[in-house]
Every structure is written in structure tokens, then in C-alpha cells.
Amino acid sequence: MSEHAPTSLTDADDRTLAGRAADGDVRAFEVLVRRYGPLMRAYATRILGSNAESDDVVQEAFVTSWQQLSTLDDGRAVKSWMMRIVSNKSIDRLRARREHGDIDDHDPQEPIERSPAHVAESRSQEEALSQALAALPEPQRQCWTLREIADYSYEEIAEQLDLPTSTVRGLLARARKALTREMEAWR
Amino acid sequence: MSNHSAEPADFSGDEPEGLDGHTIEELNDYLDRDRTPTDASIDNSPGCQIALGTLERLRGLTRTLLDRDALAEPERDDSWVSSILAGLTREVHAGRDIPITHGSPNARLSVTEGAVRGMIRAAGDSVGGIVTGRCRLEGDVTELGEPINVLVEANAFWVDRLADAEEDVRRAVRAELERHTDLNIEAIDVTIEDATASLASTE
């Protein structure tokens, strides 16, 4: 055939892997798990605000993906499709937390006094953003993450978090203001 | 949540100074609209320009935040993957039951559609440079003798002529199905996408 090393499943594109997995090929699904597992875990951690439940959420998301893959029309979209499943599972956890009263409406951790100098100490802009995010009150951080990382609309966030759209708007505005302030301080 | 006054001091009156009457939200909306229609009171305000720059920087960082997180994820051992795979139910993809004839008239044998797709994949994969993707059996496979069309998708790597590869896959799949099933194969439609470029770009 050719002098190149034999091709393997790990070389295949998303469409091929998703197609195989939809047809019941566990090996192809395994490649997808390895390819996107870390990203999905990072995503769940961002939405949940900690990684304590990320593994469970990602595992649930993969089980659901496996069961529903045959309903996915375009395998090329498998990554964003699975990301949406992770995000739905993560939001389910947020709701469950709220129902169990694990979180009240206020910031669970008292906002740490964050002087610009403190943030400026961080090695990079990336770290500055991560720290600024971590310092946001929980509801602001959740809204911001769903809007800016998960690309939800204001209305979707309101629906998912059981909040009035106007409240979502206000929380996002405050989050954005705080983050802008921190980023300017860093500069 | 409705009681905003319960969260003091962390937002009230903290619009950055020098925005010439504009707010961060307005500036963010302005970016969302690609700065159209142009707003002179924003464009001519040094303070707004600085804030817009910061917002754009924030957006840039946000876009790559997850990828950076993922890279920083601790290396997962195989047990993590296998625990996920162990939770999967194989039966969900079994599909239809496909009858197969047998010497004994009393025996009713069948093979699942999922198993037949597995045969098609294996046959396709046996062709050099080919990784088989989705397969479809069109037609009523549950009735012996019904005409069936087989659709096969595949990736090709380092293949000289796609047309040749398609013919090779078609031949391999037909041979495999004729050997192991009684399907009345009318046509085998093979669609191959050359994935060599994507392979090179990920290396």
C-alpha cells in the first residue's frame, strides 16, 4: 500500500469515530473518550466551580452520549454535541445543590479582598483571569461561564438556573465589570 | 437572588472611571455588534477605547480558557477510561434481527444488525489506509431475500487513488457479507473522505 505506518482508529476524524460509535463500536467511542475527556472534565469543572463532581458528571455525559449517538445527524459536530451534554449534566448538579440548600444566594466564600497588586503578581494573564473568576460570587461565576464559555443565551441561562432574565443580565454585568477591572489592573 | 441589596459594595458605583457616560455592558454590546453602527461618543473616548481593548483581551483569553484547562488536566490513567467504558450498555446498538438460513428447517437463526455492521467495519478496515466509519443497511433486512443497499463511509490515509480504495472496500465488504450472511446485496455505496491532511495537521 504505502511505506507509512498502518493507520489506526486514533487517526480517524470525528465524523468517522462518531459514526462507528453510533453503530456500536466501543473502540471508536474509546478514542472519543480519550480525545475529549479532558476537555469535558475541564468544562464540567468550570461550570460546577470545583472538580469534586467532574468525574461523575463526565462519566454520566459519556453514558448518555453513547446511548444517543445514533440520533446525531452530523458526526462532525460530535464534540460540541457532547459538550452540550456535559453542560446539561453539570447544570443538573447545580440545581440539585440548590434544592439541597448547599448553596444560598450569597457568595459561599466571603469575597476575598483582591488588590490589583495581588492579581498582578500572577505569572500570566491566563492566571489572572482564572483567579479573577475564582473570586467572583458563585451566581455571577455561573452566569458568566454559561454565557461566555458554554455560549448560552441570556434566556437559556435564566431557564437553566431558574432565575429571571433581568437577574441574569444584572449578574452578567457585574461579573463582566469585575473581570474587566481585574484585567485592567493586571495590564 | 432577587434581593440585590444583599450583595453590597461589590458592584454599586464601580463602573470604571473615564467611560464618558458609557457602561461596560454598553461597550460589550458594542463589541457584539462589531462596532456597528459606529458610535462616535465611544470611538472618540480614550477611556472607552481602553475598556474595549480590555474586553477584547478578556474575550481572547476566554476563548482558549477551556483548552488550557484541558491541557492542565492531570494525566488520566487507563482505569478512568475503562470505568467509563464499563458503564456502557452494548445492547443499545444491536439494531434489527437479520435472519440467516440454516440446514435444519426447524432452526431459526439470526444475527443482529450491529454484528453485521461490525463485519462491514472489519472488512473495510482490512483495506490498507482505510478506517471505516458509519455503515447503513437500507431495506428490510428482517425478511430473507429482500434487496439491500449497503452504505459505507470511511476515512482514507495516504491512499494514492480514492477510486481504487473505494473499489477495494466494496469488494471486501461484499465478500465478507456473502460469507457470513444471506443478505441479498443489491449495491454497496462507499463514500471515502481523504483524511491525510487532517492527520498531518494534528501531528
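1. Burial and fold of chain A. In this predicted model, 49% of the 187 residues of chain A count as buried. The secondary structure of chain A consists of nine helices and zero strands, so that, read from the N terminus, the order of elements is α-α-α-α-α-α-α-α-α. Among the contacts in chain A that link residues at least 6 apart in sequence, 62% are between residues at least 24 apart.

2. Domains of chain A. The domain assignment divides chain A into domain 1, covering 1–103, and domain 2, covering 108–187. Where these two domains of chain A meet, seven residues of domain 1 are in contact with nine residues of domain 2. On the domain 1 side of this contact, the elements that contribute two or more residues are H2 and helix H4 (78–99) of chain A, and H4(A) provides the largest share, with three residues. Sorted by class, the residues on that side of domain 1 comprise four nonpolar, two polar and one charged.

3. The contact between the chains. Chain A brings 57 residues to its contact with chain B, and chain B brings 51 residues. On the side of chain A that touches chain B, at least two residues each are supplied by helix H1 (14–22), H2, helix H3 (54–68), helix H6 (125–135), helix H7 (138–149) and helix H9 (165–186) of chain A. Of these elements, H2(A) gives the most, with twelve residues. The composition of this side of chain A is 22 nonpolar, 17 polar and 18 charged residues.

4. Helix H2 of chain A (residues 26–48) packs with helix H4 of chain B (residues 78–86) at an angle of about 130°, and the axes of the two helices are 11 Å apart. Angles over 145 degrees would count as roughly antiparallel and those from 65 to 115 as roughly perpendicular, and H2(A) and H4(B) are therefore oblique to each other. The crossing in which H2(A) passes H4(B) is right-handed.

5. Residues in the helix pair. From H2(A), the residues A:Val26, A:Glu30, A:Val33 and A:Arg34 meet B:Val81, B:Ile84 and B:Leu85 of H4(B). Taken by class, this contact of H2(A) with H4(B) holds five nonpolar, no polar and two charged residues.

Notes:
Residues are numbered from 1 along each chain as its sequence is written. Chains are lettered from A and ligands numbered from 1 in the order in which they are written. This is a predicted model: local features need pLDDT of at least 70, side-chain atom pairs count only at pLDDT 80 or more; totals for chains, interfaces and linings use all residues. Axes are lines fitted to C-alpha atoms, for helices over the stretch in contact, and angles run from 0 to 180 degrees between N-to-C directions. Helices (H or I, at least four residues) and strands (E, at least two) are DSSP runs, numbered from the N terminus. Angles under 35 degrees count as roughly parallel, over 145 as roughly antiparallel, 65 to 115 as roughly perpendicular and the rest as oblique. A crossing is left-handed if the near helix is turned anticlockwise from the far one by less than a right angle, and right-handed if clockwise. Ala, Val, Leu, Ile, Met, Phe, Trp, Tyr, Cys and Pro count as nonpolar, Asp, Glu, Lys and Arg as charged, and the others, Gly among them, as polar. Domain bounds come from an automatic or database domain assignment. A residue is buried if 20 or more other C-beta atoms lie within 10 Å of its own, exposed if 12 or fewer, and partly exposed in between; C-beta atoms are placed from the backbone.
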